[in-house]
Amino acid sequence: MKYAILVYETPDEFAARDDEARRDAYWGAYSAYGALLQQEGVGTGQGAGLKPPHAATTVRVRGGARQVIDGPFADTKEQLGGFFIIDVADLDAALAWAEKCPSAMRGSVEVRPLLEM
Amino acid sequence: MSDARSAAQLAERIARESYGRLLASLAARTRDLAAAEDALSEAFAAALRVWPQTGPPDNPEGWLFAAARRKLIDGARRAQTALAAQDALARAAEEIEAEMSASALPDRRLGLLFACAHPAIDEGARTPLMLQTILGVSAERIAAAFLVEPSAMSQRLVRAKKRIRDAGISFEIPEPDAWPVRIQAVQEAIYAAYTEGWSDAAGVDAARAGLTDEAIWLARALAAYTPDDAESLGLLALFLHLEARRPARRDPQGRYQPLDRQDVSLWRKDWIEEAEALLLRAAGLRRVGRFQLEAAIQSAHARRRHGDDPDWRAIAGFYAAVIAISPSPVTQLNYCAALARSEGPSAALTLLDEAADRFPILGDYQPFWALRAHLCARTGANAEARAAYDQAITRERDPIVIAYLREQRAQLD
C-alpha cells in the first residue's frame, strides 16, 4: 500500500533550513531519512521538499471569479514542508517509518494512504 | 415447517459459535469489515432459504463462508470493470479455494481484536467494534450498554470500520516490541465491555448484566490466544471472581447486599477456583500488571468462602500498587475503603478528602458519598454522615440501592 508521509513543520524548523548554525543538521537529517527509506526498500523515489509557507499562494474560484491569496490555505502554526511517498504492507509499517521522520519530534507527520487508481 | 425451523436453529447456532471467526476470515484480506458483514448476513439469509430444501450441509460453516465469499467477489466486481473471461476463471478458482479452506477455517479473530484496539482507532470505538465484529452484538444493544444514542453509536462504528479499511489497519499480530502496548489496549477494551455503564465501585452492583457475558467470552478467548500473557490471564481471573459473586449481590427479597454481608454459599465456587488457578499461572509468568492486581484484590475478598476475614492490609497494598500503575478516581475510592479496615476510619477519611481534591469528579459519584457517610458514621460524626448519605441518594438511580442507602441513613437517627 502506498502512503504519503506529510511533513508538517513549525516556524522554528523552517527557520533552521537557512540558519548557518543549524542548517547542516537540518538537511543532513532529511537526506539521511530519504536515504534510509530507499535503502530499506520502502521509498518510491517520489516525494519533494516544499519552500516555506511564505512562498505559498492560495487560489480559489468562486462565482466564476478567481481569488488569489498570499499565503497557505490555512493559517496554522505547523505548515506542510514536504512529503515522501512510501510503499509498505499496512498502516503499522507506515507509522513506524513516519516516527523516524525528522519533523515527528518537533512538528507533526501525517500519514495518509494514496488512492488506488 | 420443521425443515425451515431446523435450518433456522442450525443457522442460529452457527451464528452464535462462529460469527466472529467467519467475519474475521472474510475481512482479513480486504480489511473491509462492513462489506464482509453485509456479505455474511446475505449468506445467512440464503441459508435460511436454501437449507430447508436441500437439507443442512455437512459443513455448514464452510457453506456460509463460501457463500459470503462469492458475494464479496460479486460486490468487488460490480465496483470495478473487468474482462468477463478473466472473471469467470478467477471466480472458479476462488470458489474451489474457498470450499477447501472452509473446512479448516483459520482463526483470524486475534488479529481482528488487535485491529479493533489499534491506536489509530478512536478509543470510544474500540470496545463497540470488538463486540460487534467478534460477537455480532447489535449496535442498539451496545448503545444501550454504553448509554449512548443508537444513531451515534452506529456512526461511531461505521467510521471506525471505514478507518480500518481505508487507512490500512491490518489484522496482523503485532511484532514483539509493539506487543506490550498493543495487547494492553486489547485488554483495556475488553475490560471496558465488562465495566461500561456499571456504577459499581466498592461492590455496589446495579444488577446490570449488560454485556458482562460478552466481556467474559472475549476475556476467555484472549486468554486462550495469549496464554503466556500474564495480564490476559489476570483479566479473565478478575471477571470470574466478580461474576462468581453476582448471585449473592441481592438477597431473596431483592435487596442489595454489600460484600461483607453476602451469603457465601451463593458464590460460584467453580469460577472462584478457576480464577485462582489463572492467577497462579499468571504469577508464574512474573509480569505484574493492573489486572492481576485487581484480580488479587478480588481473590483476597473471596477468602470469606473459607470463613476467613479478608486480609485488609494486603488489599490496601494491592490498591496502592494499582494506583501506582494506573491511578483513577474509582481505585482511589476503593483504596480508601480498604484502608478504613486496615488503618481505621479517620486515616481513610483524610485520604478520601485528598482523593476528592485530586479527582473532583468524585463529587458526582454516589459511591464516594456513600463511603464518606460510612466513614463519618464510624468516627461518630453522625450529622456529617447523614448529609453525605443525602448526597449519595441524590446521585443514585437504582431504587434498590437507594433503599439500602436510606436504610443506612435511618440507622443514624
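Colleague: How far does H11(B) reach from its first C-alpha to its last?

Modeller: H11(B) has 15 residues and reaches 21 Å, close to the 21 Å expected at 1.5 Å a residue. The expected span is 1.5 Å times one less than the number of residues, and helices are DSSP runs of H or I with at least four residues, strands being E runs of at least two, numbered from the N terminus. Bear in mind that this is a predicted model: local features need pLDDT of at least 70, side-chain atom pairs count only at pLDDT 80 or more, and totals for chains, interfaces and linings use all residues. Residues are numbered from 1 along each chain as its sequence is written, while chains are lettered from A and ligands numbered from 1 in the order in which they are written.

Colleague: Is H11(B) largely enclosed or open?

Modeller: Enclosed: 15 of the 15 residues of H11(B) are buried, so the rest of the structure largely surrounds it. Buried here means 20 or more other C-beta atoms within 10 Å of a residue's own; exposed means 12 or fewer, partly exposed is in between, and C-beta atoms are placed from the backbone.

Colleague: And at what angle do H10(B) and H11(B) pack?

Modeller: About 150°, with the axes 8 Å apart. Axes are lines fitted to C-alpha atoms, for helices over the stretch in contact, and angles run from 0 to 180 degrees between N-to-C directions.

Colleague: Which residues meet there?

Modeller: From H10(B), they include B:Ile216 and B:Leu222; on the H11(B) side, B:Leu236 and B:Phe239 are among them. Contact means C-beta atoms, placed from the backbone, within 7 Å. By class, that contact has nine nonpolar, two polar and two charged residues. Ala, Val, Leu, Ile, Met, Phe, Trp, Tyr, Cys and Pro count as nonpolar, Asp, Glu, Lys and Arg as charged, and the others, Gly among them, as polar.

Colleague: Switching to H6(B), where is its kink centred?

Modeller: On B:Leu129, with a kink of about 25°. The bend is the angle between axes fitted to the seven residues ending at a residue and the seven starting there. Eleven of the 13 residues of H6(B) are buried, B:Leu129 among them. After H6(B) comes B:Gly136, with a positive phi near 65°.

Colleague: What about H17(B), how many of its residues are buried?

Modeller: Twelve of 13, so H17(B) is largely enclosed by the rest of the structure. B:Trp369 and B:His374 are among the buried ones. The cover includes H15, H16, H18 and H19 of chain B. H17(B) is followed by B:Gly380, whose phi is positive, near 85°.

Colleague: You mentioned H19. Why does B:Gln408 count as partly exposed?

Modeller: Because B:Gln408 has 19 C-beta neighbours inside 10 Å. B:Gln408 lies in H19 of chain B.

Colleague: Zooming out, how many helices and strands are in chain B?

Modeller: 19 helices and zero strands. Of its 413 residues, 42% count as buried, and the C-alpha trace of chain B spans about 90 × 55 × 40 Å along its principal axes.

Colleague: Last one: how many residues of chain B are in contact with chain A?

Modeller: Seven, in contact with six residues of chain A. The chain B side divides into three nonpolar, two polar and two charged residues.

Conventions: Two residues are in contact if their C-beta atoms, placed from the backbone, lie within 7 Å.
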